[in-house]
Amino acid sequence: MPRKTPLRVLLVEDDPIVAETVRKGLAARQALVRHASDLACAQRALSEERYDAAVFDITLPDGNGLDLVAA
């Protein structure tokens with residue numbers, strides 16, 4: 001059964017080329033993508049909105065993306 005609303009995805013990636021590639025791929029599937037380039041931005045995004053899915057880079061400038069999963 002098709003979704004009635006777009007999938008909301010949080011993308012946490014510090015490499016702009018990788019982030020844009022992933023964002024385009026998700027957007028092509030009608031997902032709404034919010035991009036965060038570090039843990040601080042990702043934590044703020046998670047406190048402001050709910051997401052259906054998340055894609056985390058493990059190595060970020062201010063920590064490890066897995067720390068978000070634990071939080």
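Colleague: How exposed is Ile-58?

Modeller: Ile-58 counts as partly exposed because its relative accessibility is 46%. Buried means under 20% relative accessible area, exposed over 50%, partly exposed in between (1.4 Å probe, protein chains only). This is a predicted model: local features need pLDDT of at least 70, side-chain atom pairs count only at pLDDT 80 or more, and totals for chains, interfaces and linings use all residues. Residues are numbered from 1 along each chain as its sequence is written, and side-chain values use heavy atoms, with hydrogens and water left out.

Colleague: Where is Ile-58 found?

Modeller: In the loop between β3 and β4 (59-60). Strands (E, at least two residues) and helices (H or I, at least four) are DSSP runs, numbered from the N terminus.

Colleague: Now the sheet. What order do the three strands have?

Modeller: The order is β2-β1-β3, open, with parallel pairing. Two strands pair if DSSP finds at least two bridges between them. The edge strands, β2 (32-36) and β3 (53-56), each pair on one side only.

Colleague: How many bridges join β1 and β2?

Modeller: Five, with β1 covering residues 8-12. Leu-10 has Arg-34 of β2 as its bridge partner, and Val-12 stands opposite Ala-36 in β2.

Colleague: And how many between β1 and β3?

Modeller: Four, in the parallel sense. There, Val-12 stands opposite Phe-56.

Colleague: Why is β1 largely enclosed?

Modeller: Because four of its five residues are buried.
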